[in-house]
Amino acid sequence: MRQFPAFFNMDDASVVVFGGGEEARRKVRLLAATPARITVIVSEIEPGFAEEFVGRITIAPPGHAGPALDVARFAIVANRLDSNAEKAITMARQYGVPLNVVDHPDLCDFTVPSIIDRGDVVAAIGTNGTAPVLAKSIREKLEVLLPKRIGDLAALAARLRPDVKAAIPDSKARRRFWESALTGPTADLAYAGNLDGAEAAMRGRLVHSAHAEGIVHIVGAGPGDPELLTLKALRLIQEADIVYYDRLVSAEILTLIRRDADRVPVGKSKGDHSVPQETIHEWLIASAREGKRVVRLKGGDPFIFGRGGEELEAVRSAGVVAMVVPGISSALGCAANVGLPLTHRDHAQSLTFVTGHAKNGGVPDLDWSALARPAQTVVVFMGVGTSGAIAENLIQAGRAPSTPVAIIENGTRDNEIRVFGTLSELPHLIQRAGIKGPALLVIGEVAALPEEAIARAFKDHVA
């Protein structure tokens with residue numbers, strides 16, 4: 001580690017920036033976010049520079065650099081390396097002021113890192129001044145992982161710190177409190193924008209820390225590809241104390257759960273409901289009442305044929321805080337991976353999601369006449385076992401036997417299977433491909449588009 005990272009306290013600080021061009025302007029933008037007094041030393045300044053920072057900067061000629069440097073916490077030279085820049089560097093050295101020279105790390109006492117600013121939470125990424133573009137790239141990746149309101153949570157902790165110290169004199173016990181309070185339900189409320197609720201929860205935890213309840217997050221895991229997880233879903237499964245997961249959640253996503261978290265499989269498959277739904281409700285509630293951070297991880301989206309509504313109602317009815325994190329529905333993820341637009345101006349002006357499996361088994365009682373109308377796409381979830389009846393009912397209701405269909409099993413995963421054909425062939429296509437499910441049935445003219453695109457590409461290649 002060639003450079004030691006540190007943060008300057010900018011309260012009542014003075015800083016000096018040499019230069020009046022774009023580089024100087026960028027540095028001043030960073031500094032203007034602090035309470036520091038900023039002096040810009042320049043003989044000529046670009047149009048708009050002074051107006052952008054009116055009231056925040058003092059502009060002074062080079063002859064006044066000495067008094068400004070005499071009280072400066074640090075200085076930045078942000079003009080071209082010419083005689084004026086060399087004079088600025090020499091003067092800063094004479095005054096013993098820590099110095100940064102833009103684009104010249106060999107002349108710097110310190111470098112300006114790439115910064116993530118979340119109020120009281122600030123992260124900085126440096127590369128010893130050798131690769132600032134790489135530092136920016138790393139910052140962008142970290143930026144999306146840090147909740148936008150994490151600074152509000154830090155400010156809340158600062159506000160309550162005296163009360164916590166008074167209530168918990170023992171430093172080890174106090175540390176355990178903060179570890180729990182800043183990563184549990186209190187944090188979840190703050191990240192959701194409910195700061196009053198977060199403060200009430202933290203004060204309640206302080207008074208009744210031994211009996212504090214946890215929170216249940218019903219989280220959509222998407223169709224299987226871990227890169228299709230939402231950022232919030234990723235954060236929650238990495239913070240959870242216990243994860244109840246479905247059979248449809250991919251192994252790659254399960255590896256993202258933190259190693260010391262409990263993992264409980266509660267998934268169902270056709271004809272095998274090893275854990276009744278009511279039992280899942282009871283387990284979610286019991287774990288939350290033990291003060292745990294609970295994640296109910298479900299394939300696709302919890303509110304699209306995922307029974308997420310039932311679980312949300314059951315948990316909230318028990319007086320436990322529950323929140324829902326949407327996931328990319330398997331219909332959307334699988335179709336996108338195949339290159340199958342579910343709507344299209346030329347072929348499908350409406351889109352309908354239906355289940356192919358009734359609550360008590362068998363074929364669901366659907367409005368087959370409505371589903372048989374032309375110029376629409378019908379996506380069937382859980383329809384492998386009832387595909388024959390689905391095709392028959394649609395054809396009897398008026399949908400053409402030649403209507404294109406696509407069957408997608410394990411969409412977005414390495415073992416994905418894609419089959420294309422017509423509605424009259426549907427059950428035979430499934431049987432011939434050995435598809436067992438989970439799979440999506442896409443019925444409508446758009447289902448032919450991926451095959452047509454492949455055929456065109458092949459024709460062009462041969463030509």
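A residue is termed buried under 20% relative accessible area, exposed over 50% and partly exposed in between (1.4 Å probe, protein chains only). The model is predicted, with local features requiring pLDDT of at least 70 and side-chain atom pairs pLDDT 80 or more, whereas totals for chains, interfaces and linings use all residues. Side-chain values use heavy atoms, without hydrogens and water, and residues are numbered from 1 along each chain as its sequence is written.

Rings of Phe, Tyr and Trp (its six-membered ring) were paired if their centres lie within 6.5 Å, with planes under 30 degrees apart counted as stacked, over 60 as edge-to-face and the rest as tilted. Phe177 is buried at 6% relative accessibility, and Trp178 is buried at 10%. One aromatic cluster comprises Phe8, Phe74 and Phe110.

Glu409 lies in strand 15, residues 404-409 (strands are DSSP runs of E, at least two residues, numbered from the N terminus). Glu409 is buried but lacks a salt bridge, and Arg247, the nearest side chain of opposite charge, is 8.2 Å away. A salt bridge requires a side-chain nitrogen of Lys or Arg within 4 Å of a carboxyl oxygen of Asp or Glu; Lys and Arg count as positive, Asp and Glu as negative, and His and the chain ends are not counted.

How values were computed
Helix = DSSP H or I, 4+ residues; strand = E, 2+ residues; numbered from the N terminus.
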